[in-house]
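Hi,

Here is the structure I promised to pass on. Have a look at it first, and then read my notes below.

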Amino acid sequence: MNFDKEYFNLGVLDTLSYKNTLVHRLDPRTKVITTFAFIVTVVSFPKYEIAGLIPFLLFPVVIFALGDIPVWFILKKVLVVSVFAVFIGILNPLFDTHIKYHFFTLPVSGGWVSFFSILLKYFLTMCSALLLISTTSFPGICHALRKLGVPEIFISQLLFLYRYIFVLMEETLRMVRAKDLRSFGKKGQGISIFINLVGTLFVKTIERAERIYHAMLSRGFTGTIHFVLREGFGKKDFVFISATGITLYMFRAYDIVGLIGRLAERMFN
Amino acid sequence: MHMSDALLSPAVGATVWAGTLGTIAYCSKKIKENLDEKMIPMMGVIGAFIFAAQMVNFTIPGTGSSGHLGGGMILAILLGPHAAFIVMASVLTIQALFFADGGLLALGCNIWNLGFYPCFIGYPLIYKPIVQKGMSSKKILMASLFAVFVGLQLGAFSVVLETLLSGRSELPFGTFVLLMQPIHLAIGVVEGFITAGVINFVKTSRPELLESIAEIRSLSPETKMKKIVIAFLVIAIITGGAVSWFASSHPDGLEWSIERVYGKPELPEHETGIAMLLKTFQEKTAFLPDYTFKRKEDIKEQKTSDGEANAWPNIETGTSVSGILGSVMMLSLIVLIGFGIKIIRKKEAHSSKETSGLKGQGRS
Amino acid sequence: MTHHIIDFKDIFFRYPDGTEALKGVSFRITHGESVGLVGANGAGKSTLLLQMNGYMLPSLGVINIGGVELTKKTRQDIRKKVGVVFQNPDDQLFMPTVFDDVAFGPLNLGMSNERVTDRVNSALQTIGCLDLATKPPHHLSAGKKRAVSIATVLAMEPDILAMDEPSSNLDPKSRRDLIGLLQEFKHTKIIASHDLDLILEVCERCLVIKNGMIVADGRVSDILTNQLLLEENHLELPLSLQKNRLH
């Protein structure tokens, strides 16, 4: 993925996170907690599980719909990102060749079953992470983490990092573009050029840090960064967490798909 | 390489998270004790710099493939281990959220794999000692290469362990190791050169910058830490050695799975704390009433071991038909629910627009 | 608190690398004055501004602000009186949201959350950006960023406003809004700028700095019409005073 595109995507997600829908208005802690609960539940399924994972698709679908999140944009990110999981997972069929199922008459090896399980888990977990950031502004997530006990120092510098990512990426973009315009088609950069770029960027970064520090001092900074924290936990958060918790438990403990399938079978026979 | 949620089990993920959070808390405390006012904006902005730098492609000479900066060692050299770990953790957090790089459960592993080893082993035990005796550019290059190499090897090995202990991948230990370590050797060489290159660049063009950053850091926490880190390293080497011996002691050379060793597709018993809790949760949910074809499958799994060709009894066809039917219906239901919500919301938006339109007219 | 007089007496300043940026600068600015600071690039405008709140202390000479001598000990207090708006808003807006940025100063002054919120709201109201409170700074246009950076300083209710190139990077409309805003402020104002037309509209007095020394100090109407003086300092007559050049 090239720099321009990555930067653009970052901006889109960031803008999405400031929308105003039902989901966006939930307390960030609610969303962080439920996302983690979702991921842990999905990942807790054993390696050959496929059917049990399917009901979990309900969660991303509901959040997409309630939060007005563009589906194709997120799906593209999930599908295009080539990741460790897929690369490693695809080796499963090579090593696990015992027959696990018969798909009508076709024998299916355990390796393929576990691979598809990995794919499903990958899809569900990736969607939930992206949906978290699409529906919760990053500062919101930071404040949620602080309230959940993450150390102050970590949170403060994380907020600074977030604030300056866009500034620094723009600066980097300008330098990369300037270099590209003088490269006449050679893709990427040689290592020495890269080192120069990074070195120059670093120098600019430190100079910027000095100026920021000066600006902080000018407004009375004495070492601690204070925040006025507003929003709180509301009724809707309580409802959301309970509903999610119960549903996650039901989907994990009970074989919903099998149930529906058997009901359907009975109806058709 | 980034660890992924889909390859993790909750127990392994939670355990490594506990280690990562503990380290974050420790580093935060250490930084607070000697906090220079400039530290927090400096860390934040340098983090943003690493993030931006990581997104630039460069071509690796000889291979033609493109590479990216890791940055853990550069951070450790510039900011010292504690601040560097925190910055690395922050950068990875942003990546996990905005780029879905690995996932949120795996984030704990990624922070550990990519942050702990450069900051607490590579830098204090390798880079610093070499460079303390004189900072020539050759020394910096050697120190960087060696420190980065060790850091990456340890990180890559951790990925192997985390994947193996989670039991979602079928890749045998030996094959996995043979895959990961050489790749990270190559990555390490490139990263080492880049690290040294950047440090030398800044040293030559703006040495006073490096000095001003060094002033902001404090030196006392680092020297006391050496003993702890050496102890940890010794333990790690012993554990690593034991594991390798275990793997190599099997006749077919490379096959090693937890089921063989422990006799069941479960994790080792000596897990404590959250891991234990999660394991209990896992066990409890597997045996609740009204639990049908999933349960049979698990029981089958426990009774058979890997490698045996296993033809299921006829019930399996029945369950797989109901499984497929159920899946299709479930999917359709979910899609319907999704569209339903969208339609309801469109109607709501439409009607609220109408009423606000009326209000607008009424105002003038 | 003697009416917030700014008094520079024979100020010399040398940078760590040896550059002598200020070589004997003296002037006195009284309460409510609106002063422009002009000069060629590198003449010392920014350096002079940076002396105002003590980030850099003079190598020689004495600065007095509001009757208090500017030293390492007193500069923290003086910063409550002198608000500096920097050239680059991205350096000044370092918090995750606009509200957080404008609240930064008042919070550092130790005010309660309610008082801080009041200050923030009134500052944002003044610049007409109350609706931007929850936005992150990187979502703002250049004009809005500039306005918000002024608000971050206003919220501390300083007596003196020092600004470095306030109209740079602004489109004509934003620039016009800025000029309107500055004309309303009753604070003592020192504005360093290349935008001579802005200085013409906003300031009554003008200092010309060259090679670290003040070479002219007078009324705006005298200085900014003096073509010779301006051209000696790599400047031109304000565009609004030039004869129509379009043929």
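**What I found**

Let me begin with chain C: the centres of its domain 1 and domain 2 are 25 Å apart, taken over C-alpha atoms. Keep in mind that this is a predicted model. Domain 1 of chain C comes in two stretches, 6–81 and 158–235, while domain 2 of chain C covers 96–154. Where those two domains touch, 10 residues come from domain 1 of chain C and six from domain 2 of chain C. On the domain 1 side of that contact, helix α7 of chain C (residues 172–184) gives the most, with three residues. By class, that side of domain 1 of chain C has six nonpolar, two polar and two charged residues.

Next, the contact between chains A and B. Here 102 residues of chain B are in contact with 103 residues of chain A. Several elements of chain B supply at least two residues each to the side that touches chain A, including α1 (10–33), α2 (39–54), β1 (58–59) and α7 (173–205). Which element supplies the largest share of that side of chain B? That would be α13(B), with 17 residues; this helix spans 315–363. Sorted by class, the side of chain B that touches chain A holds 57 nonpolar, 30 polar and 15 charged residues.

- Asp68(A) has a positive phi of about 60 degrees, although it is not a glycine. You'll find Asp68(A) in the loop between α4 (58–67) and α5 (71–80) of chain A.
- Glu165(C) sits in the loop between β7 (160–164) and α7 of chain C. With 20 other C-beta atoms within 10 Å, Glu165(C) reaches the cut-off of 20 or more, so it is buried.

Finally, the confidence scores. The model has an ipTM of 0.92 and a pTM of 0.85. For chain C, the mean pLDDT is 91, and 98% of the residues in chain C reach 70 or more.

Cheers

Conventions: Residues are numbered from 1 along each chain as its sequence is written. Chains are lettered from A and ligands numbered from 1 in the order in which they are written. This is a predicted model: local features need pLDDT of at least 70, side-chain atom pairs count only at pLDDT 80 or more; totals for chains, interfaces and linings use all residues. Domain bounds come from an automatic or database domain assignment. Two residues are in contact if their C-beta atoms, placed from the backbone, lie within 7 Å. Helices (H or I, at least four residues) and strands (E, at least two) are DSSP runs, numbered from the N terminus. Ala, Val, Leu, Ile, Met, Phe, Trp, Tyr, Cys and Pro count as nonpolar, Asp, Glu, Lys and Arg as charged, and the others, Gly among them, as polar. A residue is buried if 20 or more other C-beta atoms lie within 10 Å of its own, exposed if 12 or fewer, and partly exposed in between; C-beta atoms are placed from the backbone. pLDDT is the predictor's confidence in each residue, from 0 to 100.
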